[in-house]
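Dear colleague,

Please find the structure we discussed handed over below. I would be grateful if you could read the notes that follow with the model open.

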Amino acid sequence: MSTFQRRLSVANSARRRAGTGLQPTVLALSVALLLSAAAQAQEAASDKTTELDKIVVTGTRGSLTKAQVIKETSDQIVDSIVAEDIGKLPDNNVAEALQRITGVQITRNKGEGSDIMVRGLTQVRSELNGRDIFTANSGRALSWEDVPAELLGGVDVYKNPSAELIEGGLGGLVNLRTRMPFDQDGMKLSGSFTVNKWDLRDSVQPSASFLFSNRWNTNAGEFGVLFNIAHQEGQYREDRINLGSYLSYDDVPGYEGKDVIIPSEVGMYSHFGDRERDGQYIALQWKPNDDIELYATGLRSDYKFRNREYSVRVGNLNNNTQDLVNWSGNGWGFVSPSIPGYEAFNDPFGFDANGEFQYGTFNNALVTTTSRMDWRNSVTTDLALGGKWQVNDNLHLSTDLQYIDATTESVNYWVDLLAGQVDPDDWRGWSGLYGVPPVKVDMTGKYPSVTVLDRVTGQPINGYMSDISNYGGWYSHLDKRDNNDADQFSWRADLRWDFLDSDLLNDLRMGVRYTDRSATTRSSGWNWQKIAPAGTDNAWGSFSAAPFSDYPNACYRLFPFSDHFRGDSGLPTGYVACDQMVADYENTVRMFGHDPIAYNPTTDIRNYTENTYAAYAMLRLGQDDARFPWDANVGVRVVRTETTVKGYELEQNSPSNDVQQVSVKNSYTDVLPSLNFRMFLTGSLQWRVAASRAMSRPDFDLLDPYVYLNDTFFDFNTGGVSYASRGNPYLKPMYSNQFDTSLEWYFGQGSMLYGTAFYKKVKGFYYYDTIAANYYDPNFDVPLEGSTTGETRACVSAECVREFQLQTRSNGKDGKIKGLEVGYRQFFTFLPGWLDGLGFEANYTYVDSKAPAPDAAGTDGVEISFLPLEGLSKNSYNVVLMYEKARVSFRAAYNWRDTWLVTTRPPNAGHVPQYHDATGQLDASLRINLNEIWSLSLDGTNLLDEVRSDYYGSTSRPNGWYINDRRYGMSIRANLDL
């Protein structure tokens with residue numbers, strides 16, 4: 001901070017505390033004309049000087065004021081969130097708190113904020129106290145839901161970082177800040193206890209946190225210790241409805257000769273889950289004298305996630321006699337009154353004027369019910385040791401050592417029951433198929449409905465799915481597991497030289513950094529297996545299921561789907577495998593005659609190592625006596641990256657499916673210049689300009705050299721084309737040349753108005769480069785010699801080599817991102833009486849992006865060359881109403897974002913992009929301060945019970961609908977300063 005900025009901020013702080021500000025009439029006009037921001041400042045000044053860190057602020061207004069001070073006084077573009085009080089961020093989750101910042105958008109996992117994007121890019125660097133922090137998975141960043149918010153003192157978002165900040169983020173850098181003992185003047189004790197209720201789940205769970213901090217003066221100097229623990233328990237429920245890929249037909253009864261669209265499947269799901277977070281943090285500080293400070297910190301985060309899913313899926317909604325996956329017997333998969341015995345079905349199908357599906361009735365649908373359990377346990381341990389030394393008035397030295405150890409283990413397992421009883425005497429000759437009566441899928445209501453109909457009358461069969469005698473038995477099961485670990489050693493050293501006698505130069509900063517990171521990923525494939533009758537291994541001897549009586553130790557239960565989507569979805573109650581059997585994963589797999597999936601060293605295990613060597617230099621300068629005082633920093637960061645990937649590679653054209661072990665090395669050196677400039681136009685108005693070059697390394701899974709052949713059994717979803725995919729160990733980073741300019745007006749304590757324009761030109765977007773390549777396919781069948789009925793046999797040796805469309809990760813064309821951010825916040829202290837506690841905040845973000853989208857196509861089949869970035873909404877906004885007096889604090893916040901691209905390659909949908917529709921969420925909180933120590937809080941999230949939805953290419957082809965709990969919480973907190 002320049003001398004001018006320090007003086008200005010102190011004067012502003014004193015002026016704000018003195019109560020001067022905007023005239024009431026002008027303020028009222030500024031609220032009425034918010035977007036024009038036509039308010040005028042009331043000139044005021046004060047000779048009183050106070051240090052910034054002595055500004056007295058409390059509660060929500062205090063939190064926002066402290067965050068504003070960080071934004072206002074920083075010499076680069078940054079937005080911050082500061083804890084309202086110990087153990088309480090403004091939101092209950094770090095990701096959800098970040099969504100209140102302009103330019104930040106989030107996605108939710110089972111109703112809770114999980115992933116973030118900054119200015120449209122998911123390549124966001126995560127840090128803890130300015131150091132690396134990550135979850136052990138195939139990526140590089142932290143899973144934002146892993147760390148309890150109660151361990152944090154604040155969060156900073158850097159959108160155009162300077163040279164001294166660590167490289168690795170294109171969208172920006174998010175730094176999680178914990179507290180240190182010297183942050184407090186003396187002893188601090190704080191604790192909280194929270195009870196949350198999730199209404200859809202109808203569950204109540206507790207959370208708690210505790211903090212102790214103190215500092216002592218001794219003959220050996222000043223010592224400080226801080227200890228913070230947090231425990232969270234949460235539960236949730238998510239109901240969803242999903243449709244399969246949309247296929248075109250011209251033989252639908254009543255619509256012969258017309259191309260119409262039918263979804264291949266409809267599934268209805270209920271998820272019941274548990275989240276548990278445990279965090280421990282300790283910090284030690286020692287200051288033997290005024291010039292030296294030593295510190296040590298340790299943080300451990302343990303996140304457990306458990307999900308139970310129950311579903312009914314109706315597939316086989318087609319008339320294709322050639323495809324064994326979607327086989328509908330002899331071509332009568334579509335119900336028609338012309339089929340003998342089906343005369344009652346006189347209106348079996350309906351489509352709109354564009355041929356989009358409205359309702360339909362299907363023969364021999366594949367109807368399964370599923371009970372699934374998946375769990376994840378992630379542990380991250382961060383240890384750091386460092387020191388600072390002021391050698392003399394000019395020279396400042398610091399160093400920091402860090403070690404991170406992270407592990408993640410997960411298991412996914414589900415068991416299917418098959419509905420329908422096979423009739424071996426069926427006159428149609430469909431013996432061995434599924435035997436379900438006709439099924440009607442209707443999409444004309446609020447949500448899709450599925451009804452089982454009587455073959456003779458065409459009327460619904462009440463209670464069909466809740467009668468166990470209508471089930472064929474145990475059909476299939478599927479398992480998958482992951483076990484990842486990673487660690488990293490980091491060291492950095494920094495130097496700062498202050499130019500005390502210069503009117504232009506402030507200081508010169510230089511530093512070096514080294515990291516040594518290793519990661520091992522173990523990820524099995526999805527191991528789907530049909531359950532064979534007991535005592536045999538001939539699972540495919542029949543399409544029928546294994547009878548329940550074959551496995552007397554297996555169990556099932558009736559699941560009440562009647563309240564699905566709060567009773568609005570029309571999902572019938574059905575039987576599913578019981579929880580205890582699915583939870584006993586390994587024993588259940590063995591009971592059904594199989595072994596739990598094991599890791600295949602060739603296909604499932606990869607080892608990655610990465611070393612980085614970085615150096616930077618940054619000059620900070622400014623002029624306080626210019627007509628318009630200014631300051632700036634200009635610098636460059638140079639970093640070399642060396643990676644090694646150890647794994648296997650599948651050889652092309654090999655008649656024996658040969659693989660070879662490989663160890664692929666890659667390296668690159670990047671020069672990353674940066675400039676941040678700020679001019680003070682008035683005592684409260686400042687203008688910024690920033691420019692930099694940023695880079696983001698590819699996630700580790702993108703470097704995997706192995707070729708994965710898609711199961712050709714499912715080529716019906718891709719028009720009969722067989723695909724294979726692999727990563728690319730020579731993949732280069734993505735780069736961004738980025739520019740920002742902003743105008744910021746700070747006109748009161750916690751009050752500001754700002755606007756920012758930004759532009760990013762991103763080079764090297766990751767995409768799949770598709771080429772034809774031949775690989776050995778052991779599942780390939782060849783025509784049987786001499787057969788006239790289309791019979792096939794298994795391939796042998798070179799016959800098994802066939803063509804795949806190989807999709808390789810590559811650096812593609814450039815993309816562009818440009819946008820605007822505007823924000824306004826004000827506390828209306830000029831209002832009379834109790835109204836002077838009112839406050840209002842609004843911000844809006846516009847982001848326009850364009851990135852290459854190879855092979856993407858619309859619903860009409862026309863190729864799409866460019867699409868917006870995945871996960872990015874063009875428009876988003878936040879509106880917050882606040883009220884705070886000495887005893888009471890209230891806040892209601894509404895967050896909204898419009899449609900965004902989910903993926904250009906949704907599962908089983910070919911190359912039609914998947915979009916998520918616009919969505920918003922209202923949250924609110926109320927806090928009552930009982931006295932100076934105790935406070936009581938009430939809060940709620942998702943108060944409007946938002947229903948989210950997504951679709952393929954067009955809203956006329958929905959993919960799914962999703963609802964989550966409304967959560968209500970009550971907390972009691974104690975905060976004692978001694």
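This is a predicted model: local features need pLDDT of at least 70, side-chain atom pairs count only at pLDDT 80 or more; totals for chains, interfaces and linings use all residues.

Residues are numbered from 1 along each chain as its sequence is written, and side-chain values use heavy atoms, with hydrogens and water left out.

Confidence is expressed as pLDDT (the predictor's confidence in each residue, from 0 to 100). For the protein chain the mean is 86, and 89% of residues reach 70 or more. Residues 5–57 stay under 50, and the model has 73 contacts for them beyond four places in sequence; a contact means heavy atoms within 4.5 Å. The pLDDT is also below 50 over residues 321–331.

A nonpolar core is a set of buried Ala, Val, Leu, Ile, Met, Phe, Trp, Tyr and Cys residues joined through side-chain atoms within 4.5 Å. Buried means under 20% relative accessible area, exposed over 50%, and partly exposed in between (1.4 Å probe, protein chains only). The largest such core has 63 residues, and those with the most contacts inside it are Ile 262, Val 367, Val 439, Trp 474 and Phe 592. Strand β18 (residues 395–419) contributes the most to this core, with 5 residues; strands (E, at least two residues) and helices (H or I, at least four) are DSSP runs numbered from the N terminus. Leaving aside residues up to four places away in sequence, Val 367 touches several residues, including Val 312, Leu 417, Val 439 and Met 465.

The whole structure contains 2 disulfides, each being a pair of cysteine sulfur atoms within 2.5 Å. One joins Cys 555 to Cys 578, with an S to S distance of 1.6 Å. These two cysteines are 23 residues apart; Cys 555 is partly exposed, at 22% relative accessible area, whereas Cys 578 is buried, at 4%. In the other, the sulfur atoms of Cys 795 and Cys 800 are 2.0 Å apart, and both residues are buried. The torsion about that S-S bond is about 105 degrees, so the disulfide is right-handed.

Finally, two residues other than glycine have positive phi values. Asp 202, with phi near 55 degrees, lies in the loop between β8 (188–198) and β9 (203–218) and is exposed at 59% relative accessibility. Asn 316, with phi of about 70 degrees, sits in the loop between β14 (292–315) and β15 (349–351) and is buried at 3% relative accessibility.

With kind regards
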